[in-house]
Amino acid sequence: MARMKFLCDADRCIECNACVTACKNEHEVPWGINRRRVVTINDGKPGERSISMACMHCTDAPCAAVCPVNCFYTTADAVVLHSKDLCIGCGYCFYACPFGAPQYPKVGNFGSRGKMDKCTYCAGGPEADGSKAEYEKYGANRLAEGKLPLCAEMCSTKSLLAGDGEIIAQIYKERVMKRGYGSGAWGWKTAYRETIES
Amino acid sequence: MLIKRTNQRSDRRGSVAESLAGQAGGLDRRTFLRRSGLAGGALAALGAMPVGSVRKAEAAAAGPLAAGAVVKKSICTHCAVGCTVTAEVLNGVWIGQEPSWDSPINRGSHCAKGASVRELVHSDRRLRYPMKLVNGQWTRVSWDMAVNEIGDKLLQVREKSGSDSVYWLGSAKMTNEGAYLFRKLGAFWGTNNTDHQARICHSTTVTGVANTWGYGAMTNSINDMRNSKTMLFIGSNAAEAHPVSMQHLLESKELNKANFIVFDPRLTRTAAHATEYVRIRPGTDIPVLYGMMWHILKNGWEDKEFIAQRVYGFDDLRKEVEKWNPQEVERVTGVPAAQLERVAKMFATQKPATIIWCMGQTQHTVGTANVRASCISLLMTGNIGKAGAGANILRGHDNVQGATDVGLDIVTLPFYYGLAEGAWKHWSRVWEVDYDYLVSRFDEKKLMETPGIPLTRWFDAALLPKADVAQKDNVKAVFVQGHASNSITRIPESLKGLKALELLVIADPHPTTWASLAVEAGRKDGVYILPVATQFECTGSRVASNRSMQWGEQIVKPIFESKDDLEIIYLMAKKFGFADKMFKNIEVENNLPVAEDVLREINRGSWSTGYCGQSPERIKAHMKNQHKFDLVTMRAPKDDPEVGGDYYGLPWPCWGSPEVKHPGSPLLYNNNLHVMDGGGAFRPRFGIEREEKLPDGTTRKVSLLADKSFSKGSEIEDGYPEFTLASLKKLGWDKDLTEAEMATIQRVNPANPDAVSWAIDLSGGIQRVALKHGCVPFGNGKARMNAFGLPDPIPVHREPIYTPRVDLVEKYPTLPDAKQFRLPNIGFSVQKAAIEKGIAKQFPLILSSGRLVEYEGGGEETRTNPWLAELQQDMFIEISPADAADRGIKDGGWVWVSGAENSSRARMKALVTERVGKGVAWMPFHFGGWFGGNDLRKNYPAGTDPIVLGESANTITSYGYDPATGMQEPKVTLCQIVAA
Amino acid sequence: MASFGRFIRLAVGAWALLLLVTAAPAGAQQVNPTASAVKEQQLLQELNRIQGRVSIPDQRSGVLEQPQGREWREFRDVTLRWIGGIAILGMIAAIVIFYLTVGMVRLEAGRSGRTIVRFNAFERFVHWLTASCFIVLAISGLNITFGRPLLLPLIGFEAFSEWSQWAKFAHNYLSFPFTLGVVLIFLMWIGGNIPSKVDVEWAKRGGGLIGHDHPPAYRFNAGQKMIYWIVVIGGGLVAASGYALMFPFYGTGIEGMQMAQIVHSIVAVLFVAAMIAHIYIGTIGMEGAFEAMGSGEVDVNWAREHHSLWLDEQKARTGPNDGQPQPATAAAE
């Protein structure tokens, strides 16, 4: 069974933000909601690395575990999705998420949160695949069309990999073997309790 | 744990992998890997792994929502890498972008800008209709009214002040067809004051590189750098300026274990991936390169055979290099000897090595000399004309190479024919217009043959005393079609220029800072704004950095009332009354010239540069067959019926007529290949021999032709000059010319057909015959280390006009004041005055500027795109932690930056970072819409203001112009920063 | 396992290469950014979080990774449920047992028929304002922690989500009057709630809950003082931590909010448990007690038995024969 994962090869990432705008473009994500972002560690210093981060679609996802209304579900491809119809915008998933993935539109009063929004792995939501309702709430459903998340597909340096965990891990391992260095599969240990350390 | 609906859904869907199992027609393993960002042979170990991650692709490219969508391909408009943009269009609306897997250049990838271009088209902040400024208010007018009023005013200026008083500022955003027609419009109007962005990005490259070996362009390609063993970045931040190129560069670094060496004053995002980072003081590229050459010569690492066969002026160079011993280099640049020696060794011995540069080298008063020094480094080590080597000059705009080639320039007619009478006569033949008619359009014949005014100085041309401007009158009107104003230095003075103009026309998808600054300058009228379509709404060809030509389809029709560049040019020509002459051989449909016809005219006239073989049909076939081209060589298999043997985009020179089927030249000057396989030689463009003075007072004649070096399969196994009918006759090859070709040659020069050369033979016969005999039409010469004719024939280090190292100015002063491009260049006086006034004490920080990945150029277009604007919301200045601590400046806090001229100051945020070293500050140059701390949002026509505004870096930048090209100096000046 | 072996070899190889590179002769400015790349595990070990620079103004998104959400998750899903379950169910159980064994504390002297004003209208308004808010807050709050295992299976996703959404709104909005109530309670009754020696005696005698003892007390006995301080301190804490959650990132980060949630939830469940006791004692636990907050007037005998010193005070102020002290007049004095 496919187990979809993301892997950002920090030795390739150049913080070009293509993943960020590809996501905005594909799903018409509004201003202020950052389903994906690029963080630069040790900025300006030797050893600086940038990493593109979004929801990692964790194994035994903490967001799902702490959700008071149980609005999360995991698809057969191991993508962690949620229902905006059920979400009450309490923010608990944000406290639990190790990656800062959940985003909240500021709709309510006094800074309170609207329905949570996050990376869907371009897999939409509970509505019918490719339906208008699904698109409006969650954005495009590329997985249903046989495509991978656009952020990874458009990555300028092929740094961000998406696809079956075993395959992308193998790709990464081969890269590391070939070039002789690698700064690790960022977030894997936290998200998947495994790592492909170099 | 699954919620109810999902349980149902799960049943229905199952796993993607399951749905794939055993199915034919699903995504195969190759497709999957490509979608995972992989291809090529690096995946052997994956062979045994199960396929299976992606569901079967539906018949249509998209889901039910996008059912019925049409796929259109165009080229990204944001840099010259040349990424293909794949658009899904439904009912005339651009609904989505898909990865362009087939393009050998971007292979599906984009950067932040490319991945968001869709927004440019449907932005609700685009200009919708023509407007004019009436009593300080932007007022809607009709196209007819705008064209009539603008035309009348221009004709009035022409009447009173002469044709040169109108400045035609075109754009690297235009297609080849647009840029060519814009230059042609200038020619028919009667001026050489036609310029575009190349002036401020790579004019020094074009001049410096062409003066070295023949053509002013990137010699190899981004893909070819996959062959490199050593990549030397000096003045390029590819990760932010050309992100998709990094895909190839990083893979080269990984697969070849290539050295990835970055010279930069900043630890850029590119430097973060370097195997060696060398921090240099801004403006010391020449000493650094000479410092490397010093080690190379000392250790005998130079390529002696290459130098002997293919290089002129090595001894002259050696004398200059000897001055740059390691102590002096370290004193001037700050680079330690040991590091430089190590880098020099890698560069000279781990070959093929390439130098990659961009505006870090070019935007200097010594820009031409900088790029010359880089070329010389390549020549010295034999790293040119080979796969994996070369001068990989990354260009900035999507068609800046093409716009330069088609002559949207002040120093030449299209395709580098120059401005001499012969050039005008060549083009009058191509255009089928009387030469005398063209002469009559100019104020005088002398000005027709004199280079125009560089765009960097349009305001000097408007403001200086009339006597200082070497044309009939000052510049009185500016017609700008697709160029930012905030990317030009010395904004406080350009503000005065804006006030002085009689007419300003801004043709652009956005109002740009021309509009907001014109209002700020106090203008109440005399400004027109014309809405122009983006290239995604137009058809035409554009040339990427690697000289590959690509065809862009119209994705959607021009929105609102905006018009195609070509249509606007036609409307102006019609208004001026010469449309019939100008478009004699070009079909015009509904005021819109047909792009294919324009390209065909280009094909018929561009023999000098080899745009002659790139017919629209061939280019379109390449776009259709993108997937057939090899990733590294960029060549299609020879047996392909449509594009067999071609290199992707027929990189120029693509010799002969389209029927000759020359495949294009992916690597310039490569003599390892037959010329019909894209091989070549250095172009003997500066004579075939030179008289040199010897120390004893005598002279000797030295050949400028190659010595025993020639391209593969050449029937002449030595150097040779350019081909003319006379030289064909001498070789007995004139018999190969057809009668029709002979007849055309006779028509070109009835008086002396023997003098007709490969470059002006409109039949293409001379080229065809030369190719047939394995020879390069332009000849086989030597590259010049000594580029006699340039202000500094051998590059000389010269301190920036505003330098903190006043102690070095006496030894390394800038060139004396002189008159260049119709205007005085008083750099020397400015430098002298700065030292006398102690500017370096008042303004102790070096200020440099550069690119952000999210924005492009003046940035109005990209700052209007919310997907990009959100990522960079404030103008900032980078300052080192030490300098910030001295000044009590906090990261993210507001600061005032003040500059050395005009009491200029600007308010922005501080970014305290170790990217810059102590004593250096850096600003991005994309911001605009603020001036001196004031927000100018109100100056934009309502609803068209970009989302993000900010101070322009060029409010602070200062005087300084390259003597050979008029290039500005935005990379080194001085400033002071205080907390606000 | 084969792949693991290869993996080890790979890692060793990579390190060897890095060592080779770094062992190259060093110049003053020698920098090999590739060799010195930051590593995830190393950063996590050092700081247990990874933070960097982002260009968007939302600087909190600069936190790349903060795995401590795992501990918080453990707290929320397990620890808190135990604490809450034990505190609340334990309290209820204790009360039930107490009630069954001891029963209602009766007025030993019976009703005198004369009453005395214990809480004026404003005091009662503040009490009921706070109390009613508290009940809604408690139920909606408990729903967040216990609704998913207890209520959701009964009513289904949609209904539960709908209810929880309203409960969230109620929780957020009612926090303001509740906070106001707590502040007023603090100011209004601080005078009578400073602990004193009488409280020691009262406490020693177990508040007279068992048996027929009636330890003396002023207006508020030690038990009531305890409730007062639970309300003031507990209320203060839940309010402060609650607002930290309601206004995310104002002065806090993720860790801050995790801490705030921990404080909020622990204090809240204990608060609920305490209030259950308070409600019991104020209603079926003690005869005549409810009237204090009901009509505001208590029977004089009730006052004598439970707040003898207070009754004495009141009598001293209004005269021995006047069983009807007039707070309004007193206020006018």
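Trainee: Which residues in α6(C) meet residues in α8(C)?

Mentor: On the α6(C) side you have C:Asn172, C:Ser175, C:Thr179, C:Val182, C:Ile185, C:Phe186 and C:Trp189, and facing them in α8(C) are C:Tyr228, C:Val231, C:Val232, C:Gly235, C:Gly236, C:Ala239, C:Gly242 and C:Met246. Contact here asks for C-beta atoms, placed from the backbone, within 7 Å. By residue class that contact divides into nine nonpolar, six polar and no charged. Nonpolar covers Ala, Val, Leu, Ile, Met, Phe, Trp, Tyr, Cys and Pro, charged covers Asp, Glu, Lys and Arg, and the others, Gly among them, count as polar.

One caution: this is a predicted model, with local features needing pLDDT of at least 70 and side-chain atom pairs pLDDT 80 or more, while totals for chains, interfaces and linings use all residues. Residues are numbered from 1 along each chain as its sequence is written, and chains are lettered from A and ligands numbered from 1 in the order in which they are written.

Trainee: How do I describe the packing of two helices?

Mentor: Two packed helices are described by the angle between their axes and the distance between the axes. For α6(C) and α8(C), the axes come within 10 Å and cross at roughly 145°. Axes are lines fitted to C-alpha atoms, for helices over the stretch in contact, with angles from 0 to 180 degrees between N-to-C directions. This crossing is left-handed, meaning the near helix is turned anticlockwise from the far one by less than a right angle (clockwise would be right-handed).

Trainee: How many helices and strands does chain C have?

Mentor: It has 13 helices and four strands, taken as DSSP runs numbered from the N terminus (helices H or I, at least four residues; strands E, at least two). Of its 333 residues, 31% are buried; that takes 20 or more other C-beta atoms within 10 Å of the residue's own, with 12 or fewer for exposed and partly exposed in between.

Trainee: And how many residues does each chain bring to the contact of chains A and C?

Mentor: Chain C brings 53 and chain A brings 47. Elements of chain C giving two or more residues include α1 (2-22), α3 (69-101) and α6 (157-189). That side of chain C divides into 27 nonpolar, 16 polar and ten charged residues.

Trainee: Over to chain B. How do I read a sheet?

Mentor: Strands of a sheet pair through backbone hydrogen bonds, either parallel or antiparallel. Here seven strands form an open, mixed sheet in the order β5-β4-β16-β15-β14-β6-β7 (chain B), where pairing requires at least two DSSP bridges. β5 (137-140) and β7 (194-195) of chain B each have a single partner strand, so one side of each lacks a neighbour in the sheet. Inside it, β14 (477-481) and β15 (503-508) of chain B run parallel with five bridges, B:Val478 being partnered with B:Leu504.

Trainee: Are both faces of β27(B) buried or exposed?

Mentor: Buried: B:Phe876 and B:Glu878 on one side, B:Ile877 and B:Ile879 on the other. β27(B) pairs with β29(B) in the parallel sense over four bridges, and with β30(B) in the antiparallel sense over two. B:Phe876 has B:Lys909 as its bridge partner in β29(B), while B:Glu878 stands opposite B:Trp922 in β30(B).

Trainee: How would I check a helix's length, say α11(B)?

Mentor: Its 15 residues should span 21 Å at 1.5 Å a residue, and the end C-alpha atoms are 21 Å apart, which agrees; the expected span is 1.5 Å times one less than the number of residues. Twelve of the 15 are buried, among them B:Trp294 and B:His295. After α11(B) comes B:Gly300, with a positive phi near 70°.

How values were computed
Contact = placed C-beta atoms within 7 Å.
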